Amino acid sequence: MTPTQATAAKAPITASQHANPRSDIEISQAAKKRLIVDIAREKLGIGPEHLEPYGHYKAKISMDFVKSLKNRPNGKLILVSAITPTPAGEGKTTTTVGLTDALNHIGKRAMLCLREPSLGPSFGMKGGAAGGGYAQVVPMEDINLHFTGDFHAITSANNLLAAMIDNHIYWGNPLGIDQRRVTWRRVMDMNDRALRSIVSSLGGVANGFPREDGFDITVASEVMAIFCLAGDLDDLKKRLSNIIVAYTRDRKPVRAGDLNAHGAMTALLKEALAPNLVQTLEGTPAFVHGGPFANIAHGCNSVLATTTALKLCDYVVTEAGFGADLGGEKFLDIKCRIARCWSRPSARSRCTAASRKRTSRPRTSRRSPPAWPTSPATSKTCRNSASCR
């Protein structure tokens, strides 16, 4: 059976799908997924002894196996970016999945690398981030929710450091931290505006010294950015130790290493650092690992996942968050330099809704798109166009 026939046999799209389209969740739940151990062995050459399964359809790749790939040549890296997206997203993930499936469809060895979705946007206006239609990574519900627990580990590491700062101040403050200049904030992976600015340590002497504090979302944490730029466990520990958490009254920086917090934080992140392997609806392997926001950090999946994928396949397709002028530039300026890998071709995703919103036409209300004459066909269709260079 040729690659084209094999792909067609795996994911048939019936005529009824065009007449009565099913939702993303219905398509995902009806999909016949393959065991992840079979995907790893057949598509990537990874034996079951190098996998740490989380159920039947997702697994982590052991760090020992990742290290064993060091001397293999790299494949080609393809970046998918977009114009400035709408609140509902722009289709980068969908384009990334579709492009990778298409490369495998014509007989190329390709896989994709994506960021893990945050629970904040997943339960907010934007929704999940596992693709759409027949261009999805599965199991979609698991990926959009707790997945393999990486975000929980990052949340715990961030908040451990926050707790150690307050504990240090409570027990005499030998480093001389100025409570007015503590820059480190707590995080949770949820949209909760009531916690953005708070006063902590209320309730009496036993609870410490009251000070202004606040919560960010986990994907905006510096720990998340560091997690996605680390090359291995030792590199992760070194980067965590350099985090500036506060300043003294003399304006001297206090780092996580000064509090001896970096070792414990690394221990919490040890298992999370291994890349997560899942699959698309057509059985294409995919790494979904890490997920920093592009407007806060660099907006790309982990360096470890991308560099590992480049050793396993001839083509690796990845996406950079938000628009080409934000995540796209940071991908090239930050991630590529640290990972020492460069994107060859690139693709840009654009939908008609975003194009309309970028015009100078007047808006009828704050939330409505600009008035723009459209035909019945274009009003119902959001076209993703990829322009390669």
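A cavity here is a set of points, on a 1 Å grid over the protein atoms alone, where a 1.4 Å probe fits but cannot get out. Grid points are joined across faces, edges and corners, and a volume is the space filled by probe spheres set on the points. Lining residues are those with an atom within 4 Å of a point.

Before you click on anything: this is a predicted model, where local features need pLDDT of at least 70 and side-chain atom pairs count only at pLDDT 80 or more, while totals for chains, interfaces and linings use all residues. Numbering runs from 1 along each chain as its sequence is written, and side-chain values use heavy atoms, with hydrogens and water left out.

**The whole chain**

Start with a cartoon view. The protein chain has 16 helices and 17 strands, taken as DSSP runs numbered from the N terminus (H or I of at least four residues for helices, E of at least two for strands). Of its 389 residues, 46% are buried; buried means under 20% relative accessible area, exposed over 50% and partly exposed in between, with a 1.4 Å probe and protein chains only. Taking contacts (heavy atoms within 4.5 Å) with a separation of 6 or more, 72% join residues 24 or more positions apart.

**The cavities**

The whole structure holds 2 cavities of 30 Å³ or more. Select Asp166, Ile169, Tyr170, Ser201, Gly208 and Phe209: they line the second largest cavity, which has a volume of about 30 Å³. That lining splits into 3 nonpolar, 2 polar and 1 charged residues. The classes go like this: Ala, Val, Leu, Ile, Met, Phe, Trp, Tyr, Cys and Pro are nonpolar, Asp, Glu, Lys and Arg are charged, and the others, Gly among them, are polar.

Stay on Ser201 for a moment. Ser201 lies in the loop between β9 (198-200) and β10 (211-213), and its phi is near 65°, a positive value in a residue other than glycine. Ser201 counts as buried because its relative accessibility is 18%.

Now hop over to Tyr170, another residue of that lining. How is a pair of aromatic rings described? By the distance of the centres and the angle of the planes. Rings of Phe, Tyr and Trp (its six-membered ring) pair if their centres lie within 6.5 Å, with planes under 30 degrees apart called stacked, over 60 edge-to-face and the rest tilted. That rule gives 1 aromatic pair. The pair is Tyr170 with Trp171, edge-to-face at 5.1 Å centre to centre and 85° between the planes. Tyr170 is partly exposed, at 32% relative accessibility, whereas Trp171 is exposed at 63%.

Next, the largest cavity, with about 70 Å³ of space. Its lining includes Glu116, Pro117, Phe147, Asp150 and Asp189. Helix α9 (residues 150-170) gives the most to this lining, with 3 residues. By class, you'll find 6 nonpolar, 3 polar and 3 charged residues around it.

**An open pocket**

A pocket is an open set of points with protein on both sides within 12 Å along at least five of seven lines. The second largest pocket has a volume of about 540 Å³. Which of its 22 lining residues lie nearest its centre? Select Val66, Lys70, Gly231, Leu304 and Thr307. The lining divides into 11 nonpolar, 4 polar and 7 charged residues.

Colour α5 (63-68), α11 (233-241), α13 (303-312) and α14 (324-339), each of which supplies at least two lining residues. α13 gives the most, with 6. Is α13 enclosed or open? It is largely enclosed by the rest of the structure, because 9 of its 10 residues are buried. Among the buried ones are Val303, Leu304 and Lys311.

From α14, step into the loop between α14 and β17 (343-349) to find Arg340. Arg340 has a positive phi of about 55° although it is not a glycine, and it counts as exposed at 71% relative accessibility.

**Around Ser28**

Last stop: Ser28, in helix α3 (residues 24-30). Ser28 is buried, with 1% relative accessibility. Leaving out residues up to four places away in sequence, Ser28 touches Lys33, Gln136, Val138, Met140 and Glu141.

The charged end of Lys33 sits over the ring of Tyr57, 5.0 Å from its centre; the rule asks for NZ of Lys or CZ of Arg within 6 Å of the ring centre and within 35 degrees of the ring normal. Val138 is joined to Pro139 by a cis peptide bond, with omega about 5°. Pro139 itself is in the loop between β6 (135-138) and α8 (140-144).
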